[in-house]
Amino acid sequence: MSESIIQIQHLSKTFGDGTEAVHALEDINLDIRQGEIFGIIGLSGAGKSTLVRCMNLLERPTAGTVTVDGQNMTALSERELRAARRKITMIFQGFNLLMQRTCLKNVCFPMEIGSVPAAQAQKRAKELLELVGLGDKAQAYPAQLSGGQKQRVAIARALATEPKVLLCDEATSALDPTTTISILNLLKDLNRQLGVTVVVITHQMSVIEEICSRVAILDGGSVVEMGDVQEIFSNPTTDAARRLVYPGGVVPAQFPASTRVIRISFNGGTAYDPLIASLAIDCGVKVNILGADTRNVGGKAIGTMLLGLPEDSNEAAKALNYIQAQKNITVEEVPDYHE
Amino acid sequence: MSEALINLFESWGIAKVPEQIAYLSDFGTLAFNVWETVYAPALATLFAYMIGLPLGIILVIGETGGVRPMPKALMSVLNTIVNLLRSVPFLILMVMVVPLSRLILGTSVGTAATVVPLTVAAAPYVARLVEISLREMDRGVIEAAQAMGCSPWQIVTKVMLPECRPSLINGATNAAITILGYGAMAGAIGGGGLGAVALMRGHGRNQIIVMYVAVIILVILVQIIQSIGTAWSVKSDRRINPTETKRRT
Ligand SMILES: Nc1ncnc2c1ncn2[C@@H]1O[C@H](COP(=O)(O)OP(=O)(O)OP(=O)(O)O)[C@@H](O)[C@H]1O
Ligand SMILES: [Mg+2]
């Protein structure tokens, strides 16, 4: 087991005081391992942004400690903190590029701050732009780029100081599904090539499924579930997890006991309509859509869907086999949903 | 030619036409009056920015939740001073700073002496203009800079000022035009320039034509400043996507 890069112990964050106090985070304990892609998921207001902002001390925790790469962040002075932040960089939903600087100068920016000689900074910035696939956009201004390209520049900028950790706060939430996939693939590649630990904050299940190895589910300021993505997704044990895993607020416990329910994740493959249709045509099996949370872009689907299989066990097996054979689709049976 | 002009104006019932034509055709004097109109406000704008720019920056970064929070007491003192100076009518302010002009320049009359009251009046105005520009700054970008380990000084010099450049230029244009107007007003009290000419000849000696010419020159000056300022601001703004501009036309 690899060692941990971020350790969070008994972290709490309260905004305001007295009757107006908002307990954004309560007694969070997390251990993020070196080199992994760790997901933090939760509904809006769960405290995800507050949690990442506590990791680089943009937000000072009310209680608890944050250790990054062996350094207790909460004990550092402002000056030491600024140096430490070069090891734990961040990308954002809104990209936050400097609009009056070219892409190249944007990537140079953190190096300029760290007094890297200009020539050396430019050289490295060019390499980084190549790495994210924007070698030809060095002299363009951010206003001339698409959202996906802007996020690539932001990623190149975040890598300029050779960080150990890359924090991504809803980094793909402003992007369309196709671009989302391409950015997620880039993050995956960078994680593999450079060994940078990636922390992904999102409210989208598909993002977690696409790239994360482990996930923490945040609800009302607390971590309610944590573990391997596969385990949590195939067997969510808390209400909060179920709400995220099952689309559209579907409550599987309300389905008839005789129905086998499967959960399908679309990872950018064929759209779901043809799947259901071809299931009927090719296998002669009709399935029941219990809930769906998918988005269709350019014939590609991203998201999840819950299907009730036919009561006949032969037909059910046939349908399951057929779906499992599809590309870009993962299938799990929803176990023991009747408590 | 000028005979005909004089007759024309006199036929309209305008008095003292030959005198006025004489002044207006004396190019040297007129040019000197224009120069006086420009240089005092120009100097005052420069000095006003030397005071108002840092002050405006402090008003933004010093507030609670700002990039470099400062004591609440200090912030409210600064805000009060700015508001007080801005609420005193310029003519009254001019009289009030006469001792200050004497202290700094040894005199309180003449065009140069108007630089002092102009600066005192303009500095708080400039501070507010700078404040308004800097408040347009996207919070997210500042947060990103903080996350990259920028110090407050670096955030001001490398993020806020360059990112707000087009808006700051617009503010400076606005300031220069307002100060030019104040400068013309200062002509009323001991200053020189076109304002003084319009007032003393136009109003005092009933030289209507001179008054209108002075006003027209002032209007042209304002137009020139505005055009240069707007063009510079637009040209320096990298958010204006060239491909987008092309599509619009
Ligand atoms: N600076 C602040 N002052 C007061 N309350 C705050 C502040 N920042 C966050 N909160 C509160 O803390 C809670 C968690 O907010 P946070 O932004 O971390 O949620 P989130 O999970 O990131 O949500 P979203 O998905 O909408 O971004 C919310 O109730 C929010 O109102
Ligand atoms: Mg958030």
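I take helices (H or I, at least four residues) and strands (E, at least two) as DSSP runs, numbered from the N terminus. The model is predicted: local features need pLDDT of at least 70, side-chain atom pairs count only at pLDDT 80 or more, and totals for chains, interfaces and linings use all residues. Residues are numbered from 1 along each chain as its sequence is written, and side-chain values use heavy atoms, with hydrogens and water left out.

Entry: ligand 1. I looked up its shell (residues with a heavy atom within 4 Å) and found A:Phe15, A:Ala24, A:Glu170 and the residues A:Leu43, A:Ser44, A:Gly45, A:Ala46, A:Gly47, A:Lys48, A:Ser49 and A:Thr50. Helix 1 (residues 48-55) of chain A gives the largest share of this shell, 3 residues.

Entry: polar contacts (pairs of N or O atoms within 3.5 Å). I note a polar side-chain atom of A:Ser44 at 2.5 Å from an oxygen atom of ligand 1. For A:Gly45, a backbone N or O atom lies 2.8 Å from a ligand oxygen atom; for A:Ala46, a polar backbone atom is 3.2 Å from one. Ligand 1 taken alone exposes 640 Å² (Shrake-Rupley method, 1.4 Å probe), and the protein buries 58% of that.

Entry: chain A. I count 11 helices and 14 strands. The radius of gyration (over C-alpha atoms) is 22 Å, close to the 20 Å of the globule rule (2.2 Å times the number of residues to the power 0.38) for 339 residues, so chain A is as compact as a globular protein of that length. Of the 339 residues, 54% count as buried, that is, under 20% relative accessible area (1.4 Å probe, protein chains only).

Definitions and conventions: Chains lettered and ligands numbered in written order. Polar contact = N/O pair within 3.5 Å; in protein donor to acceptor, adjacent residues only side chain to side chain. Buried < 20%, exposed > 50% of the residue type's maximum accessible area, 1.4 Å probe, protein only.
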